[in-house]
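Visitor: I would like to learn how to read a model of this kind, feature by feature. Where should we begin?

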Amino acid sequence: KLSSAGYNAYVSEFLMSGKRWHRVRVGFYSTRDGAEKAAKKLSQRFNINTAWIIKVSTKEARSYGG
């Protein structure tokens, strides 16, 4: 849904305590303010209760178009 709405959305995987987890991420934003505004819009539009703003690694940004 996020990609169809025009957002650069992707899923990243990680292991924690032997379990595989998936994070749905949307990005990339050049400023924290831009990311906060996007998070607010996403939360309202898609009924998302928890949005976190993080700085991803350079490797992840390169892998997903940042």
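**Reading the helix, the hairpin and the charged pairs**

Guide: Begin with the buried residues of α1, which are Ala35, Ala38, Ala39 and Leu42. They lie on the same side of α1, because they cover an arc of only 105° around the axis, the arc being that of the directions from the helix axis to the C-beta atoms. Buried stands for under 20% relative accessible area, exposed for over 50%, and partly exposed for what lies in between (1.4 Å probe, protein chains only). Helices (H or I, at least four residues) and strands (E, at least two) are DSSP runs, numbered from the N terminus.

Visitor: What should I know about the model itself?

Guide: The model is predicted, so local features need pLDDT of at least 70 and side-chain atom pairs count only at pLDDT 80 or more, while totals for chains, interfaces and linings use all residues. Residues are numbered from 1 along each chain as its sequence is written, and side-chain values use heavy atoms, with hydrogens and water left out.

Visitor: Which residues of α1 are exposed on the other side?

Guide: An α-helix has 3.6 residues a turn, so residues three or four places apart point the same way. In this model, Lys37, Lys40, Lys41 and Gln44 are exposed on the other side of α1. The cover over the buried residues of α1 includes β2, where contact means heavy atoms within 4.5 Å.

Visitor: What span should the 15 residues of α1 have?

Guide: The expected span of a helix is 1.5 Å times one less than its number of residues. For the 15 residues of α1, at 1.5 Å a residue, that is 21 Å, and the end C-alpha atoms are 21 Å apart, which agrees.

Visitor: How many salt bridges does the structure hold?

Guide: Side chains of opposite charge can pair when their charged atoms come close. A salt bridge is a side-chain nitrogen of Lys or Arg within 4 Å of a carboxyl oxygen of Asp or Glu, and the structure holds 4 of them. One of these joins Arg32 to Glu36, at 3.1 Å from N to O. Both residues belong to helix α1 (residues 32-46), and they sit 4 residues apart, about one turn of the helix. Arg32 is exposed, at 53% relative accessible area, whereas Glu36 is partly exposed at 38%.

Visitor: Which residue forms a salt bridge with Asp33?

Guide: Lys37 does, with the closest N and O atoms 3.2 Å apart. Asp33 and Lys37 are likewise 4 residues apart in helix α1, so about one helical turn separates them. Asp33 is partly exposed at 42% relative accessibility, and Lys37 is exposed at 53%.

Visitor: How do β1 and β2 pair?

Guide: Two strands pair if DSSP finds at least two bridges between them. Strand β1 (residues 9-16) and β2 pair in the antiparallel sense over 8 bridges, and they form a hairpin with 2 residues between them. Leu15 stands opposite Arg20 in β2. Arg20 also forms a salt bridge with Glu13, the closest N and O atoms being 3.1 Å apart. Glu13 is partly exposed, at 49% relative accessibility.

Visitor: Is Arg25 buried or exposed?

Guide: Arg25, which lies in strand β2 (residues 19-26), is buried, with a relative accessible area of 13%. Its side chain and that of Glu60 are joined by a polar contact of 2.6 Å. A polar contact is a pair of N or O atoms within 3.5 Å; within protein, one must be able to donate a hydrogen and the other to accept it, and residues adjacent in sequence count only if both atoms are side-chain atoms. Leaving aside neighbours within four places in sequence, the contacts of Arg25 include Tyr10, Ile54 and Val56.

Visitor: Which backbone angles deserve a look?

Guide: Most residues other than glycine have a negative phi, and most peptide bonds are trans. Ser17, in the loop between β1 and β2, has a positive phi near 55°, and Ser17 is exposed at 75% relative accessibility. The peptide bond from Gly27 to Phe28 is cis, with omega near 15°, and Phe28 is found in the loop between β2 and α1.
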